Amino acid sequence: MEYVDILDQTDLLAKMILQSEVMIAYQHAYKTLSNDEEAQQLIREFVHTKRDYEDVQRFGRYHPDYSEIMTNVRRVKRKMDMNEKVAKFKIAERQLQNFLDEISTFVAHSVSKNIMVPIDGAALTDGGCSTGGCGSGGQCGCQAS
């Protein structure tokens with residue numbers, strides 16, 4: 001019965017997150033970005049340029065077009081990032097990530113203060129103590145949140 005109650009509480013939390021102002025702002029920014037043809041063109045151009053960049057990364061400075069591609073990828077990324085719709089989406093995305101990180105931290109620490117909570121994608125990085133990725137459970141004195 002306790003397990004069923006936990007699942008019900010989880011569903012309630014998920015509904016609350018989906019109805020939150022932060023989630024609604026994110027969904028609005030996503031929809032606005034998706035429907036803006038200029039922003040979509042800039043994203044497609046960046047994705048195309050990024051493929052060239054990834055090819056250069058395999059060879060490094062020895063790639064014949066290294067300088068040109070590196071300059072081009074920075075130019076295209078900056079142009080994309082400066083688009084108002086892209087910028088607003090990135091802000092909304094960052095706010096949603098912070099919101100979800102706060103919820104994860106609250107839930108984990110309500111169980112035990114010793115639980116390490118990876119935040120802001122830290123679980124996906126090979127980091128040292130600053131990311132909580134040391135694996136010692138905090139015994140080294142690192143802070144996960």
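1. Helices H3 and H4 pack with their axes 9 Å apart and at an angle of about 150°, where axes are lines fitted to C-alpha atoms, for helices over the stretch in contact, and angles run from 0 to 180 degrees between N-to-C directions. H3 and H4 are therefore roughly antiparallel to each other, a label given to angles over 145 degrees, with under 35 counting as roughly parallel, 65 to 115 as roughly perpendicular and the rest as oblique. The residues making this contact include Leu 42, Phe 46 and Tyr 53 of H3 and Tyr 66, Ile 69 and Val 73 of H4, contact meaning heavy atoms within 4.5 Å.

2. On the basis of the coordinates: this is a predicted model, in which local features need pLDDT of at least 70 and side-chain atom pairs count only at pLDDT 80 or more, while totals for chains, interfaces and linings use all residues. Residues are numbered from 1 along each chain as its sequence is written, and side-chain values use heavy atoms, with hydrogens and water left out. Helices (H or I, at least four residues) are DSSP runs, numbered from the N terminus.

3. Leaving aside neighbours within four places in sequence, Val 76 is in contact with Glu 45, Phe 46 and Thr 49. Val 76 and His 48 are 28 residues apart in sequence, and their C-alpha atoms are 9.9 Å apart in space.

4. The loop between H3 and H4 holds His 63, which counts as buried at 12% relative accessibility. The His 63 side chain makes a polar contact of 3.3 Å with the side chain of Asp 55, a polar contact being a pair of N or O atoms within 3.5 Å; within protein, one must be able to donate a hydrogen and the other to accept it, and residues adjacent in sequence count only if both atoms are side-chain atoms. Not counting residues up to four places away in sequence, His 63 touches Asp 55, Val 56 and Ile 69.

5. Helix H5 covers residues 84-111, and its 28 residues should span 40 Å at 1.5 Å a residue, which agrees with the 41 Å between its end C-alpha atoms; the expected span is 1.5 Å times one less than the number of residues. Among the buried residues of H5 are Val 86, Phe 89 and Asp 101, and the buried residues of H5 pack against H1, H2, H3 and H4. Asn 83 caps the N-terminal end of H5, with a side-chain oxygen 2.9 Å from the backbone nitrogen of Lys 85.

Methods:
Helices (H or I, at least four residues) and strands (E, at least two) are DSSP runs, numbered from the N terminus. Buried means under 20% relative accessible area, exposed over 50%, partly exposed in between (1.4 Å probe, protein chains only).
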